[in-house]
Amino acid sequence: MLIKMTKASDIKSSEITPKAIFDDRRQFLKTAAFSGLGFAAGSIAPSSFANEGRGKKLIGIEPSKWTQKSVGEKLTDYESVTSYNNFYEFGTGKQDPLTYSKDFSPKPWTVVVDGEVENPGTYSYEDLVNPHTLEDRVYRFRCVEAWSMVVPWVGIGLADMCKRFGPKNDAKYVAFETLHDPDRMYGQRSRVLEWPYREGLRMDEVMNPLSFMAVGLYGEELPNQNGAPIRLVTPWKYGFKSIKSIVRISFTKTQPPTSWNMSGPREYGFYSNVNPEKSHPRWSQAKERRIGEFLKRPSLMYNGYGEEVASMYVGMDLNKFY
Ligand code: MTE
């Protein structure tokens, strides 16, 4: 995202919109038709996705109220969701994650849970995921770079997962870390960020019903480039909070350091809630380009999820706690 050489205002729309879609009118129409299908159906039934021949299908997915809430939003097409990515562990170009994560094997996978919890340990992916019913949730996804998508995630409420670890009263924050393995993640051989990628949430944010651990999208296992096998999704925050390929979840007494804040503290705060009124120091956040659309649209406070999250920030100066 965020290497300081290019201003967002310098980015051509053809670079923001995937070239195939930008250039190809037929592809655009196909996208629109597909998206319209989800809308006309009234809900997003995973079995209705035209997804044959891609990742492994996930079974036993329940629609959730977040799916229903999002009816009316056109889904971003699968190809864009999985080929226009930010995942610096596999390179800084938008298509690098797709290209360079092809050989990455996300299983077997373990996640260390430590800090202020009753049940610390090393959990296998299956330990983490199998006790839960998978949910289908369509969320808007707003990147700090001022583009956005609408993604049908599959996964588990973060609160449900974290409750199983037994957070102690002292646990005020949760820190997340991505795998650090330069042999498997070639982008980590370059020092664009201090590895591992780190993120964090305040405990009330962790427990907010919107916070989600995604293990899939479009009814299938998460592709490598989207953060396989398990990644965070916090749809009211800028996309960089949604840390991918998580290997550590630490319950802490104090606010943990986070990668982009460490890299550019004036530009990226800990909270990073979508706020169209607060410009990034180098570009406005008032509007966004929905991938697959030509015209920009106004961005929404908390990415449109104020009803669910605004109460967590009452009394906080959003200019200070950005
Ligand atoms: N997680 C890790 N580990 N590394 C990254 O570079 N990029 C972030 C976030 N999570 C990133 C990450 C950014 S900037 C965005 S916008 C989203 O992932 C992009 O998610 P997507 O590629 O699934 O759209």
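In which loop does Tyr 218 lie? In this predicted model, Tyr 218 is placed in the loop between β8 (212-217) and β9. The report begins with this part of the chain, then turns to the ligand, and ends with the backbone.

The phi angle of Tyr 218 is near 50°, a positive value in a residue other than glycine. Tyr 218 counts as buried because its relative accessibility is 0%, and the cut-off for that class is under 20%. Strand β9 itself spans residues 220-221 and includes Glu 220. Glu 220 also counts as buried, because its relative accessibility is 1%. The side chain of Glu 220 reaches the backbone nitrogen of Gly 55 at a distance of 3.1 Å.

**The ligand and its surroundings**

The ligand is surrounded by 17 residues, and the closest are Tyr 88, Glu 89, Thr 178, Ser 242 and Lys 244. By class, this shell consists of eight nonpolar, six polar and three charged residues. The space that the ligand takes is the largest cavity. The following table gives polar contacts between side chains and the ligand.

| Residue | Ligand atom | Distance |
|---|---|---|
| Asn 85 | oxygen | 2.9 Å |
| Glu 89 | nitrogen | 2.8 Å |
| Asn 226 | oxygen | 3.0 Å |

On its own the ligand has 540 Å² of accessible area, and the protein covers 99% of it. Glu 89, one of the closest residues, has a polar side-chain atom 2.8 Å from a nitrogen atom of the ligand.

**Backbone features**

Most residues other than glycine have a negative phi, and most peptide bonds are trans. Against that background, several places in the chain deserve mention. Like Tyr 218, which has a positive phi, Ser 245 shows a positive value, near 40°. Ser 245 has its place in the loop between β10 (231-233) and β11 (246-252). At 1% relative accessibility, Ser 245 counts as buried.

Cis peptide bonds also occur. The bond from Lys 107 to Pro 108 is cis, with omega near 5°, and Pro 108 belongs to the loop between α6 (96-100) and β2 (110-115). Trp 195 and Pro 196 are likewise joined by a cis peptide bond, with omega about -5°. Pro 196 is found in the loop between β6 (173-178) and β7 (198-202).

Methods: Residues numbered from 1 in each chain as written. Predicted model: local features only at pLDDT ≥ 70, side-chain atom pairs only at ≥ 80, totals over all residues. Heavy atoms only, no water. Helix = DSSP H or I, 4+ residues; strand = E, 2+ residues; numbered from the N terminus. Buried < 20%, exposed > 50% of the residue type's maximum accessible area, 1.4 Å probe, protein only. Polar contact = N/O pair within 3.5 Å; in protein donor to acceptor, adjacent residues only side chain to side chain. Near = heavy atom within 4 Å. Areas by Shrake-Rupley, 256 points an atom, 1.4 Å probe, with all protein chains shown as cover. 1 Å grid on protein atoms, 1.4 Å probe; cavity = no way out; pocket = protein on both sides within 12 Å on 5 of 7 lines; lining within 4 Å. Sits in = over half its atoms within 2 Å of the grid points. Nonpolar A, V, L, I, M, F, W, Y, C, P; charged D, E, K, R; others polar.
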